[in-house]
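Please keep the sequence and the structure in view while reading.

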Amino acid sequence: MHVPDGFLDAPTSIATGVVAAAGIGLALRGARRELDDRTAPMVGLVAAFVFAAQMVNFPVGAGTSGHLLGGALAAVLVGPWSAVLCLSTVLLVQALLMADGGITALGTNVTLMGIVGVGAGYLVFVAVRAVLPRRPAMVVPAAAVGAFVSVPAAAAVFTLLFAVGGQASVGIGDVAVAMLGWHTVIGLGEAAVTALVVSAVVATRPDLVHGARPLLAASTLEIRRPGAPAGAEVAG
Amino acid sequence: MSTATDTPTSPARPRLSRGRFFAAVLVVTLLVAGGLSYLASAHPDGLEHVAATTGFGDTARDSATSGSPFADYGTAGVDHAWLSGAIAGIVGVAVVLVLAGGLALVVRRRGSAQD
């Protein structure tokens, strides 16, 4: 979904640049609460993995492909603020080194994939996690649903930006239908890859999964009193 | 359904040391960037496809960095298709790892909190 230079006009690109800069500024403060000596190394690795995974386009039919955006995945693994930093770093390197995504469109891409993708993915993840049983393994389906929603969410915001600042006069309804349709399909791939990676990490080191921490704490409380009625500690 | 009595072992017990886990993630990442990426679909992605079919694809302009030695995930001067992509991918992984990893080290809280 990397937006090239030219799709959006200058005012729109400047506005998304301001949004992106503000988002990164907030993320720099928020990430401090998410990261300590133990978890900080995850950020570099998660960003590097997202960069690598974004190289692997998978076919979605009719001569079209998609690739992992990684916002929900990163948010579940390292926390939403750190995930904004991960995605922003990936997008910066892609724009400067790989000519993937425009330079004037960098703010747009950070807004779409770094802020909307991470934000929608994480909010849906938290909502789904809240209604599932409190077990660490439940982060996998919650992450998958968050990942699925994050892709059409970013596509919807692109459509809004295009309606405001698109450089070609095409029917915005056509763009909306096509963007949401294709990115719903791509979202299925996003969900599959995210579930695969999150399940591998949860099975190996659940303590390093940011989104699993509330569930691990609940488990620990239950295990310390094997004789107590189940759920008593959680309820208290 | 939500009884915990059927989970006698701690799910939090690490099976891999942190160092080995990080090393494993790095190896997988390099294999994806340097190997799996070769199998990537060359079809246009969702946005490119929508731009082409709805009629705004022509407004795209070449990036100012299109002359980069790693533009479009290839390595300038390397003819071998797989090697060209693998070098670009691994260089990209290394740069992202250093930048994001360094940023995280700067913003993190010092000391290891247990929560």
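In which loop of chain B does B:Tyr73 lie? B:Tyr73 belongs to the loop between helix 2 and helix 3 of chain B, where helices are DSSP runs of H or I with at least four residues, numbered from the N terminus. The model is predicted, so local features need pLDDT of at least 70 and side-chain atom pairs count only at pLDDT 80 or more. Residues are numbered from 1 along each chain as its sequence is written, and chains are lettered from A in the order in which they are written.

**Loop of chain B**
- Most residues other than glycine have a negative phi.
- B:Asp72, although not a glycine, has a positive phi of about 55°, and this residue lies in the loop between helix 2 (46-54) and helix 3 (81-107) of chain B.
- B:Tyr73 is likewise not a glycine and has a positive phi of about 60°.
- B:Asp72 counts as exposed because its relative accessibility is 63%, whereas B:Tyr73 is buried at 17% (buried is under 20% relative accessible area and exposed over 50%, with a 1.4 Å probe and protein chains only).

**Helix pair in chain A**
- The axes of helix 1 (residues 10-34) and helix 5 (residues 106-131) of chain A, which are lines fitted to C-alpha atoms over the stretch in contact, come within 7 Å and cross at roughly 50°.
- Residues in contact (heavy atoms within 4.5 Å) include A:Ser13, A:Gly17 and A:Ile24 in helix 1 of chain A, and A:Gly107, A:Thr111 and A:Ile115 in helix 5 of chain A.
- The residues of this contact divide into 5 nonpolar, 7 polar and no charged, where Ala, Val, Leu, Ile, Met, Phe, Trp, Tyr, Cys and Pro count as nonpolar, Asp, Glu, Lys and Arg as charged, and the others, Gly among them, as polar.

Conventions. Heavy atoms only, no water. Helix = DSSP H or I, 4+ residues; strand = E, 2+ residues; numbered from the N terminus. Axes fitted to C-alpha atoms, helices over the stretch in contact; angles between N-to-C directions.
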